[in-house]
Amino acid sequence: MKLPSRVKLVDVGPRDGLQNEKQPVPAEVKIGLVHRLQDAGLTEIEVTSFVSPKWVPQMADNAEVMAGIQRKPGVRYSVLTPNMKGFEAAVAPARAFWPDEIVVFAAASEAFSQKNINCSIAESIERFAPVVEAARAKGIFVRGAISCAVGCPYEGDIPVERVDLVARLLKQIGVQHVGVADTIGVGTPVKVQRAMEAALKHYALDDVSGHFHDTYGQALGNTLATLELGVWQYDTSSAGLGGCPYAKGATGNVATEDVVYMLHGMGIDTGIDLDKLIDAGKYISDHLGRKPNSRASTAILNKRAG
Ligand code: HMG
Ligand code: MG
């Protein structure tokens, strides 16, 4: 086992976590979550998406949320931009409000690509290419996501060759980092390792991350399995919020609290204050009127309550 000594977590709660909420979450609450996450020591936060408000109404306040953040030095703020329209909107305000990083999101499944972004995999790559070029010309880092890297709600099991192909295509258009995403949380440790290894054919270990939804309770195991490959960057969601509107029944990403608890217990540094993180997760869960979807959070909150 070549476990990393330090892991970087990107909290995707404000974006992946909230995008599926039916009731509108006010921009000030989203901003409040971002502020609490950065105070807890998160160094990257996926804030919002510049996508069609008809497709994902919850992210329609993207510009307002980006503008409301009191930026903390050393923290990177990322947003999803599936096309030039989204990218141009993300950089329309003054430079101070630009994201540090954008995410283009492809899929290893043709059916999911059609449902999620209304085009084929090949067409998505064609759409992303000018976005990547424009972002890099402005010094904005470009991350890519490969959805359905192990399984798809429409196509079932996805062969690793598809992850290999999509990672190669993303690399060819200049995407700097790739996230291997188990969108519907069906992956199990060895399958997820194989998908990650396919991405690692095209990207260095420092340029890959895991993005594991926890629908089947496998995400912590999948995190550990890929840590064993040396992967040290993961997307996680505070309070385990979320799901993708185009992956029915899929739950949120693995809770940031649970991953931090596991990593700290293994002596792996994250730079995150677990107590403050739990407060951040509780803040957003209270707003949503539910309990945090995190075992570590539940245990620690129970302990606090005596
Ligand atoms: P489309 O309908 O093919 O786009 O949608 P279009 O170019 O034909 O334009 C149609 C209309 O949308 C036009 O407006 C455009 O102006 C507008 P109209 O003339 O009808 O009034 N439009 C936009 N508006 C705002 N921002 C934009 C934008 N683009 C077009 N960027 C599109 C294509 C990609 C826009 C659409 O399919 C979409 O917005 N999809 C949303 C997908 C999404 O956000 N999914 C959830 C995030 S991905 C995810 O959760 C997975 C991830 O977590 C990893 C994992 O777990 O797998 C990342
Ligand atoms: Mg996701």
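User: Which residues are the protein donors of the magnesium ion (ligand 2)?

Analyst: Heads-up: this is a predicted model, where local features need pLDDT of at least 70, side-chain atom pairs count only at pLDDT 80 or more, and totals for chains, interfaces and linings use all residues. Residues are numbered from 1 along each chain, chains are lettered from A and ligands numbered from 1 as written, and side-chain values use heavy atoms, leaving out hydrogens and water. Donors here are N, O and S atoms within 2.8 Å of the metal (3.2 Å for Na, K and Ca), and with no water among the atoms, sites may look incomplete. Lying 2.1 to 2.3 Å from the ion, they are D16 (OD), H211 (NE2) and H213 (NE2).

User: How many residues apart in sequence are the parts that D16 and H213 tie together?

Analyst: The donor spacing reads D-x194-H-x1-H. D16 sits in helix α1, while H213 is in the loop between β9 (208–212) and α9 (219–227). Helices (H or I, at least four residues) and strands (E, at least two) are DSSP runs numbered from the N terminus. So the pair ties together parts separated in sequence by 197 residues.

User: Which residue has a polar side-chain atom 2.5 Å from an oxygen atom of ligand 1?

Analyst: Polar contacts are N or O pairs within 3.5 Å. Backbone atoms make some: F50 has one 3.0 Å from a nitrogen of ligand 1, and S52 has one 2.9 Å from an oxygen. The side-chain contact at 2.5 Å belongs to T183.

User: What share of ligand 1's accessible area does the protein cover?

Analyst: Accessible areas come from the Shrake-Rupley method with a 1.4 Å probe. On its own, ligand 1 has 1100 Å², and the protein covers 75%.

Note on methods. Polar contact = N/O pair within 3.5 Å; in protein donor to acceptor, adjacent residues only side chain to side chain.
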